[in-house]
Amino acid sequence: MTLSGTLVNQITIKSDGDVFHEIFRQRPHHISEMSPGCIKNVDLHEGEWGVVGSVIVWDFIHDGKAKVAKEVIEAIDEEKKSVCFKVIGGDILEAYKTFLITVHVDTNGEENIVTWTFHYEKLNENIDDPHTLMDFCLTVTKDIENHHLPKAN
């Protein structure tokens, strides 16, 4: 059994893919308004929003528990519309030695594909793969999509 792994999942959204990318790149602190059941708060710990090397602290609810993740922005690729975060503190590192999260958007007219990729190394072989964390990210994605879709009267 290997301790290192990669988990990838895609979800199609009907809201604007450029806006979705811009939210994770520049305005993650607005996500708590779009997904209040999952994201409680996002604070800038050091640096500037949307700048590689900046540190962001996420307060979130995962598996019914309040959790914290401290992440540094590792990379931003405007052409590929991707943002990579490296977890450097918080609850995730209680189970994983390393954890990288990349969110990437393929824009294609009215339908856009959001791809979440986790690269991780478990602390030991008894740790589960992060499927529930992936489900959490997909839920946040749908919440952001629904927030940006036109509201029915």
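Which residues are buried in α3? Select the helix and look for Leu133, Met134, Phe136, Cys137, Leu138, Val140, Thr141, Ile144 and Glu145. Here, buried means under 20% relative accessible area, exposed means over 50%, and partly exposed is in between (1.4 Å probe, protein chains only). Helices (H or I, at least four residues) and strands (E, at least two) are DSSP runs, numbered from the N terminus.

A quick word before moving on: this is a predicted model, where local features need pLDDT of at least 70 and side-chain atom pairs count only at pLDDT 80 or more, while totals for chains, interfaces and linings use all residues. Residues are numbered from 1 along each chain as its sequence is written, and side-chain values use heavy atoms, with hydrogens and water left out.

**Stop 1: along α3**

Stay on α3 and pick its two end C-alpha atoms. They are 26 Å apart, which agrees with the 26 Å that 18 residues should span at 1.5 Å a residue (the expected span is 1.5 Å times one less than the number of residues).

Now select Glu145 and Lys142, whose side chains meet in a salt bridge at 2.6 Å, N to O. A salt bridge is a side-chain nitrogen of Lys or Arg within 4 Å of a carboxyl oxygen of Asp or Glu. Both residues sit in α3 (131-148), 3 residues apart, about one turn of the helix. An α-helix has 3.6 residues a turn, so residues three or four places apart point the same way. Glu145 is buried at 3% relative accessible area, whereas Lys142 is partly exposed at 31%.

His147 is in this helix too, and it is partly exposed at 37%. Leaving aside neighbours within four places in sequence, His147 is in contact (heavy atoms within 4.5 Å) with Glu33 and Met34.

**Stop 2: over to α1**

Select Gly17, Phe20, His21, Ile23, Phe24 and Arg25: these are the buried residues of α1. At the N-terminal end, Asp16 caps the helix, with a side-chain oxygen 2.7 Å from the backbone nitrogen of Asp18.

Which residue meets Arg25 in a salt bridge? Click on Glu78; the distance is 2.9 Å, N to O. Glu78 lies in the loop between β4 (65-77) and β5 (82-90) and Arg25 in α1, so the pair ties together parts that are 53 residues apart in sequence. Arg25 is buried at 19%, while Glu78 is partly exposed at 43%.

How many salt bridges does the structure hold? There are 6. For another one, select Lys14 and Glu111, with the closest N and O atoms 3.8 Å apart. Lys14 lies in the loop between β1 (4-13) and α1 (17-26) and Glu111 in β7 (111-122), so this pair ties together parts 97 residues apart in sequence. Lys14 is exposed at 54%, and Glu111 is partly exposed at 44%.

**Stop 3: the aromatic rings**

The structure holds 9 aromatic pairs. Rings of Phe, Tyr and Trp (its six-membered ring) pair if their centres lie within 6.5 Å; planes under 30 degrees apart count as stacked, over 60 as edge-to-face and the rest as tilted.

Show Tyr96 and Tyr120: their centres are 5.6 Å apart and their planes at 80 degrees, so the pair is edge-to-face. Tyr96 is in β6 (96-108) and Tyr120 in β7, 24 residues apart. Phe99 and Tyr120 are both buried.

Finish by selecting Phe20, Phe24, Trp58, Phe85 and Trp116, which form one aromatic cluster.

Terms used: Polar contact = N/O pair within 3.5 Å; in protein donor to acceptor, adjacent residues only side chain to side chain.
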